[in-house]
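Here's a quick briefing to read with the model open beside you.

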Amino acid sequence: MRIPMMAGNWKMNKTPAEAVEFVNTIKDELQRLSQIERVVCPPYVALAGVKQALAGTDIGVGAQDVHAEESGAYTSSVAANMLVGLADYVIIGHSETRQYLGVTDADVNKKTKLALKYGLKPIVAIGETLEQNELGQTTVVCDRQLRAALEGITDLQNIVIAYEPVWAIGTGRTATPEQAQAIIGGVVRPVLAELYGEAVAQATRILYGGSMNPANCADLMKQPDIDGGLIGGASLKVNDFIALTRIAIEVKALF
Ligand code: PEP
């Protein structure tokens, strides 16, 4: 039985003070919705304040990225060991880091290994661009990104996968539930089964991300292989993030 998850990726939004104010507003209600895992991923500078504000709850905190090296001359970067105590999760391979920061498949693999080494749970994001989608390369791209991310990793227990078609992120254009299920249930989970066996594949959480909101969440969550959402825009709104969490609980009948 997989415990669904709603993870909010705040991207480059909210100052540390705004971040703390947001979680103080949302935390009591979110804490009551404990049937599923809830995670907020603020910018690095807000992690400490948010972690402190959420102390005593089981709401998780995630970082939005981590560097692929342990330490060194990487001005502006944050290493995995620096996140210990500040974050429970870390998003790795988000398409915006692939696109704007030049993060490669090999980097995603190194980051994932370092996150695991330091006890952080990776949320590994994969997904095709619009061009790749239109060229019919979705399956090939997702298959390649997933295998590369997991190369040499033997234990999937603490890893969450997020399928995020790039053309659906921040565009208001959601993958249809059938499209998302086709990749998550038809590509991602079968690759996990091939690499780790059916039992592990069935136990691994796979999220959908890309313009998920309270209006389309139920239909996405009704898909058997979709275990939750990695949410951008809608996670910045108190009511929407709570609504998404409630919908996930209702659809998966977790009362
Ligand atoms: C994301 O950034 O992971 C994301 C899915 O964004 P949005 O929900 O805004 O499309």
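A residue is called buried when its relative accessible area is under 20%, and exposed when that area is over 50%, with partly exposed in between. Alanine 168, at 0% relative accessibility, therefore counts as buried. Keep in mind that this is a predicted model.

**Ligand site**

- Lysine 11 puts a polar side-chain atom 2.7 Å from a ligand oxygen.
- Glutamate 164 also reaches a ligand oxygen with a polar side-chain atom, here at 2.6 Å.
- With glycine 170 it's the backbone that takes part: one of its polar backbone atoms is 2.6 Å from an oxygen atom of the ligand.
- How much of the ligand's accessible area does the protein cover? On its own the ligand has 290 Å² of accessible area, and the protein covers 96% of that.

**Helix 1**

- Helix 1 takes in residues 16–32, which makes 17 residues. From first C-alpha to last it reaches 24 Å, close to the 24 Å expected at 1.5 Å a residue.
- Where does helix 1 bend? Look at isoleucine 26, where the bend is about 45°.
- Isoleucine 26 is also one of the buried residues of this helix.
- As a reminder, an α-helix has 3.6 residues a turn, so residues three or four places apart point the same way.

**Positive phi**

- Most residues other than glycine have a negative phi, and two residues here are worth a look with that in mind.
- Lysine 14 has a phi near 80°, a positive value in a residue other than glycine. You'll find lysine 14 in the loop that links strand 1 (5–9) to helix 1.
- Because its relative accessibility is 22%, lysine 14 counts as partly exposed.
- Serine 76 is the other one to check, with a positive phi near 90°. Its loop runs between strand 3 (60–63) and strand 4 (89–92).
- Is serine 76 buried or exposed? Its relative accessible area is 70%, so serine 76 is exposed.

**Buried residues elsewhere**

- Back to alanine 168: its place is the loop between strand 6 (160–163) and helix 7 (177–196).
- Alanine 168 and glutamate 128 are 40 residues apart in sequence, while their C-alpha atoms are 9.8 Å apart in space.
- Arginine 205 sits in the loop between helix 8 (198–203) and strand 7 (206–209). Its relative accessibility is 14%, so arginine 205 counts as buried.
- Which side chain does arginine 205 contact? Its own side chain makes a polar contact with that of glutamate 37, at 3.0 Å.
- Asparagine 109 belongs to helix 4 (residues 105–117), and because its relative accessible area is 8%, asparagine 109 is buried.
- A polar atom of the asparagine 109 side chain lies 3.3 Å from the backbone oxygen of alanine 148.

Terms used: Residues are numbered from 1 along each chain as its sequence is written. Side-chain values use heavy atoms; hydrogens and water are left out. A polar contact is a pair of N or O atoms within 3.5 Å; within protein, one must be able to donate a hydrogen and the other to accept it, and residues adjacent in sequence count only if both atoms are side-chain atoms. Accessible areas come from the Shrake-Rupley method with a 1.4 Å probe; for residues, only the protein chains shown count as cover. Helices (H or I, at least four residues) and strands (E, at least two) are DSSP runs, numbered from the N terminus. The expected span of a helix is 1.5 Å times one less than its number of residues. The bend at a residue is the angle between axes fitted to the seven residues ending there and the seven starting there. Buried means under 20% relative accessible area, exposed over 50%, partly exposed in between (1.4 Å probe, protein chains only).
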